[in-house]
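Visitor: Please take me through the terms used here. I want to hear what stands behind each one.

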Amino acid sequence: MAHPPSREQLLYWLHEASEIEHHLMCCYLYAAFSLKRDDAGWTAEQRAAVRRWHEAIMSVVFDEMSHLALVGNLAAALGGAAHMNRPPFPVDAGPYPAGFVIRLQPFSAATVEHFKFLERPSGEALTDAAGFTPQRHYRRAVPEGRLSPGPRDYETVGELYQVLAQSLDACAAAMGEAALFTGDPACQVDATLAPLNGVIAVTDLASAQQAISTIVTQGEGAGEASADSHFSRFTRIGEELARLSAADPAFAPAWPAATNPVMNAPIHSAEDRVHISGPRIVRWLDIGNALYTTSLRCLLQGFGARERRAKATWLAASFALMRATLPVGQGLAARPAGEDPGGPHAGLTFTPLRTLARLPEDGAARWVAERLGQLRQRAIELPLELVAGESAATWQAVIDLLASQQAALLGIAGDGGGFSATAAAVPARAAAAPAPAPALAQAAAAPVEPKIEVARGSAVTVLFDAQRCIHSRHCVLDAPTVFKANTPGEWIFPDTVPVETLVGVAHSCPSGAIRYQRHDGGADEAAPPVNQLRIRENGPYALHAALSVAGRDDGFRATLCRCGASKNKPWCDGSHAEAGFVASGEPASGSVEPLARRDGPLAVTPMKNGPLRLRGNLEICAGTGRTVARITEAALCRCGQSKNKPFCDMSHLAAGFSADGA
């Protein structure tokens, strides 16, 4: 590279990369929405295949979210800012090279082939699917020596990132890393804040190149050498779809959702667009787009926030709102776009705001909380027969979500005291005809009511909760005369060992199944000087802190499920062994910067159908004691599917994980 590009040019390319990732995310999400959840005419093989395709496409969606976050981190590291604007769908010629046809289209063999083409590795001889012909052919280039930034041509997305990687190397060599990476590290988003696979903070050349490598390896340019690349995933889907369709030509895995759906009536020719005009369906389209754009606004605020609590609150709101779009997108695809029941179905149009700029920090939380109140009120008013899934239960969860996020934003604005986070219930309505979209995953079993066994001794009373026991066996091995397992009737004998010995055994019980009450004047159990979470190999999280779980005091010790199979969620009940759960207790270390304080209360909030949200000072340790991370906010996986364990990467959405929340 003869002359390194300017910082302005680097940011221009990063903003284009951001728009590409954003567009691809929406395209893949639209295709996933269009897949049916079930069909009475399907065979077991067809049903299992469609479920796999949905999970695979949703996992690619979350990777694209990771790419969007990484590009935002790259821009922030150079002194710029995350970019969430993009051209509306369908994308006209010009914003990208001529070979990039970007539009919303339902799942089909041609759509899958098009996705393969978009994700193809550099040098792959592949033509685009039928029907995806570029509008016109043109070249894009910036004249040598021009000050103003501009676009350039590239054949694949991976090629664009290759140019960015080479340009960063050249700029760092010319001006030095310190002069190049001038952004505030506080504006970075890492895996403790964003539950996305591969997200890291970018602060220097090495981390910048790692971010670009993650993007390319996950999808753009990775090719079949990586079995988990986007290209390979779409290849497998296409091959299986072709096989099943050949065996049964009537097999229809997707709803006939519109190609190029639009919310606003087209001004020019509408031949290539479908206006969503049904008077009832447009209300659902309206709230779906409003949820989407408000999610983007929260995401942008989260990138710009410097204070960690505010940053975590904004990002949590963004991800929650994105989750809320799922039943809307599925419901739209399952119903006609207009009055003709035989016409194309509707679909979420992802209609962008005219512009999306970060709001001034002072007042932003109140501004968006006001918007969430409007969304919540509209959600209460909507007719339930148009929502996908379990109707009232599904939509009540969205209403509750909007209420909780509104309360959280008012909390960082300092206005939380005057707002009730309890959402209004969905009003009683006349029974509706069953929705054509099938139900979501069944609700998780309710936690088992604890049955506490009490064994009173002369100096100490032992309390045992069998539902929390994970059989770590410290009790029967370290105090076998006290704990006589498998003995009929009474089996705990506190007076057979000194009190301090028994107290030590109780403290070694990681689950908190064994607790005690002293009546000899000795000290009861106290909070530890350092809050800890230990990741048990193929097993649960073991926490030691002054705990509150789901808003209630939970003592100082607990083991929480991370396999997703417990019948006593959020606590572990040993189901990981029966489920064959496999997950390392030795994940790689991340940020281990010292905490200002190492003790204090630790709040664990199980998110409905989502991760464990932790707030408080905490040192996360591997099973061997090595420090994995030190955090004050984190979202930890509890569905067992994250590729970034112990942190959530939103795989629970693709997996259809179901569990009660706080």
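Visitor: What makes a residue a neighbour that phenylalanine 107 touches?

Guide: Contact means heavy atoms within 4.5 Å. By that test phenylalanine 107 touches Ala31, Ser34, Leu35, Trp53, Ile57, Val112, Ile237, Leu241, Pro253 and Ala254. Residues up to four places away in sequence are not counted. The model is predicted: local features need pLDDT of at least 70, side-chain atom pairs count only at pLDDT 80 or more, and totals for chains, interfaces and linings use all residues. Numbering starts from 1 along each chain as its sequence is written, and side-chain values use heavy atoms, with hydrogens and water left out.

Visitor: What makes the largest nonpolar core a core, and which residues touch the most other members?

Guide: A nonpolar core is a set of buried Ala, Val, Leu, Ile, Met, Phe, Trp, Tyr and Cys residues joined through side-chain atoms within 4.5 Å. The largest has 136 residues. Tyr28, Trp53, Phe107, Leu168, Phe350, Trp395 and Leu402 touch the most other members. Helix α2 (residues 44–77) gives the largest share, 17 residues. Apart from this core lies another, of 28 residues, among them Ile535, Val549, Ala558 and Val628. In soluble globular proteins, nonpolar side chains tend to be buried together.

Visitor: Why is threonine 111 called buried?

Guide: Buried means under 20% relative accessible area, exposed over 50%, partly exposed in between (1.4 Å probe, protein chains only). Threonine 111 has 2%, so it is buried. Threonine 111 is found in helix α3 (residues 109–119). It touches Gln105, Pro106 and Phe132, again leaving out residues up to four places away in sequence.

Visitor: How many of the 662 residues in the protein are buried?

Guide: Buried residues make up 55% of them.

Visitor: How many helices and strands are there, and what makes a run count as one?

Guide: There are 15 helices and 13 strands. Both are DSSP runs, numbered from the N terminus: helices are H or I, at least four residues, and strands are E, at least two.

Visitor: What makes the protein as compact as a globular protein of that length?

Guide: The radius of gyration is taken over C-alpha atoms, and the globule rule is 2.2 Å times the number of residues to the power 0.38. The rule gives 26 Å for 662 residues; the protein has 27 Å, which is close, so it is as compact as a globular protein of that length.

Visitor: Which residues form the covered face of strand β8?

Guide: Leu547 and Val549 do; Ala546 and Ser548 form the uncovered one. In a regular strand the side chains alternate between the two faces of the sheet. β8 runs parallel to β11 (residues 601–606), with 4 bridges.

Conventions. Pairing = 2+ DSSP bridges.
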